[in-house]
Amino acid sequence: MRLSRFFLPILKENPKEAEIVSHRLMLRAGMMRQEAAGIYAWLPLGFRVLKKIEQIVREEQDRAGALELLMPTLQLADLWRESGRYDAYGPEMLRILDRHKRELLYGPTNEEMITEIFRSYVKSYKNLPLNLYHIQWKFRDEQRPRFGVMRGREFLMKDAYSFDLDEAGARRSYNKMFVAYLRTFARMGLKAIPMRAETGPIGGDLSHEFIVLAETGESGVFCDKDVLDLPIPPDDVDYDGDLNPIIKQWTSLYAATEDVHDAARFESEVPAEKRVNTRGIEVGQIFYFGTKYSDSMKALVAGPDGVDVPIHGGSYGVGVSRLVGAIIEACHDDAGIKWPEAVAPFRAAILNLKQGDAAVDGACEKLYRELTAKGVDVLYDDTDQRAGAKFAAADLIGIPWQILVGPKGLADGKVEVKRRSDGSRENMSPADVVAKLAG
Ligand code: ATP
Ligand code: MG
């Protein structure tokens, strides 16, 4: 992508409305724009990151055996009357009337709809277990939308729903999602800690929130320091095998949100020097809720003995759009964003430090062509800005590798490669840069 043809409305000034760094940087880097309170348009740079995050979430759901589908954003109110949540949900639900005066709502979550789909087709335990997910926009009319995409009213969520014959099966499904979440967040360069959590309006008795530690987070959390260094399950983890050892390792160390925190237990289980009490950002939550929805909505399957029983369910959410902000909270410095490579909008940026100089222009064009041909996502800053402004923009938008091309270096056949994450620099030939980044 040539920057001269890209749409990157960088702001020079710090926007006053932004209270936290991720919100400020997303606005300054031209990633998104507020259209109404808690409702955002994703501009090209931000949209690229959102798609990368979404794709990692998708790959790890698929790996764990969940099946993707797509449900609509609008739902019938009657469906929610069946579960009893239409009234219970309160003012956070956006209610809509169509031209026939039929009551609709913009979905804040999809337990009811997926249960309705499930019960229409699945009648036998032989079709279980089943886990269906989608990645779709949600609407919750939050009392206090704030911090940009971190607490929006319209936001993108991955939500998966598992169906099992009994509690033992449902716990296996829960464990699969637990492991998939460990892998998902780690692939994005995040440390997200599973913490025991309250079940809230979803209902049920078993739940973990996945929390990224950050001072700006909205949740108070308590954990054992050692939980921060536990190993992430590998990509060949056997989801059909016994996941209990992994779950046990992650759940035997103390980690809880303030809602379920037990101070006495914390102090007896965790030595004083290992007690972490800080704040965090909830990037995902998983629930086992038993037969809550299958009882009220009559989602029954015939068991092996031919008797109909309500299925045991779980639901599993990831805040896809919130993650964009959460990753920035975890990965930035005074100059701007430092994207982990897996979610970066571009892998590399070429900075032409002397636009109009034939040798420099030629070298940049050649690098751009070769990197692009090798499938490297590269942003070529071919604008006529001065070098200082190009450095600042590249740092602000956080591209992991910056290739600095200027007349001095080129005279020796070299360009400079700067790594955004640690600021390290290295001189090398353009051919070596291509080999390094395409490798
Ligand atoms: P919170 O406690 O932050 O309000 P929640 O517990 O109500 O979130 P869930 O129902 O667990 O949310 O939704 C699954 C995920 O969706 C959350 O873990 C979070 O990452 C994301 N999410 C929830 N509400 C919002 C929001 N208003 N804006 C952006 N992401 C959100
Ligand atoms: Mg939650």
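At what angle do α1 and helix α10 pack? In this predicted model, the angle is about 105 degrees, and the axes lie 8 Å apart. Helix α10 spans residues 320–330. An angle from 65 to 115 degrees counts as roughly perpendicular, so α1 is roughly perpendicular to α10. On the α1 side, the contact is made by V21, S22, L25 and M26. On the α10 side, V324, G325, I328 and E329 take part.

Aromatic pairing was examined next. The structure holds 13 aromatic pairs. One of them joins F6 and F346, with ring centres 5.5 Å apart. The planes of these two rings meet at 80 degrees, so the pair is edge-to-face. F6 belongs to the segment before α1 (21–28). F346 sits in the loop between β18 (336–337) and β19 (348–352). The two residues are 340 residues apart, and their pair links distant parts of the chain. Buried means under 20% relative accessible area. F6 has 14% relative accessibility and therefore counts as buried. F346 is buried too, at a relative accessible area of 0%. Elsewhere, F178, Y181, F185 and F210 form a cluster linked by ring pairs.

Arginine side chains also lie over aromatic rings. R95 is placed over the face of Y86, at 4.6 Å from the ring centre. R196 lies over the face of Y254, and here the distance to the ring centre is 5.6 Å.

The metal site involves two residues. The magnesium ion (ligand 2) is coordinated by E282 through OE and by Q285 through OE1. E282 has a relative accessible area of 24% and is partly exposed. Q285, at 11% relative accessibility, counts as buried.

The C-alpha atoms of Y125 and V309 are separated by 9.3 Å. Along the chain, Y125 and V309 are 184 residues apart.

Definitions and conventions
Residues are numbered from 1 along each chain as its sequence is written. Chains are lettered from A and ligands numbered from 1 in the order in which they are written. This is a predicted model: local features need pLDDT of at least 70, side-chain atom pairs count only at pLDDT 80 or more; totals for chains, interfaces and linings use all residues. Side-chain values use heavy atoms; hydrogens and water are left out. Rings of Phe, Tyr and Trp (its six-membered ring) pair if their centres lie within 6.5 Å; planes under 30 degrees apart count as stacked, over 60 as edge-to-face and the rest as tilted. Helices (H or I, at least four residues) and strands (E, at least two) are DSSP runs, numbered from the N terminus. Buried means under 20% relative accessible area, exposed over 50%, partly exposed in between (1.4 Å probe, protein chains only). A charge sits over a ring if NZ of Lys or CZ of Arg is within 6 Å of the ring centre and within 35 degrees of the ring normal. Donors are N, O and S atoms within 2.8 Å of the metal (3.2 Å for Na, K and Ca); water is not among the atoms, so sites may look incomplete. Axes are lines fitted to C-alpha atoms, for helices over the stretch in contact, and angles run from 0 to 180 degrees between N-to-C directions. Angles under 35 degrees count as roughly parallel, over 145 as roughly antiparallel, 65 to 115 as roughly perpendicular and the rest as oblique. Contact means heavy atoms within 4.5 Å.
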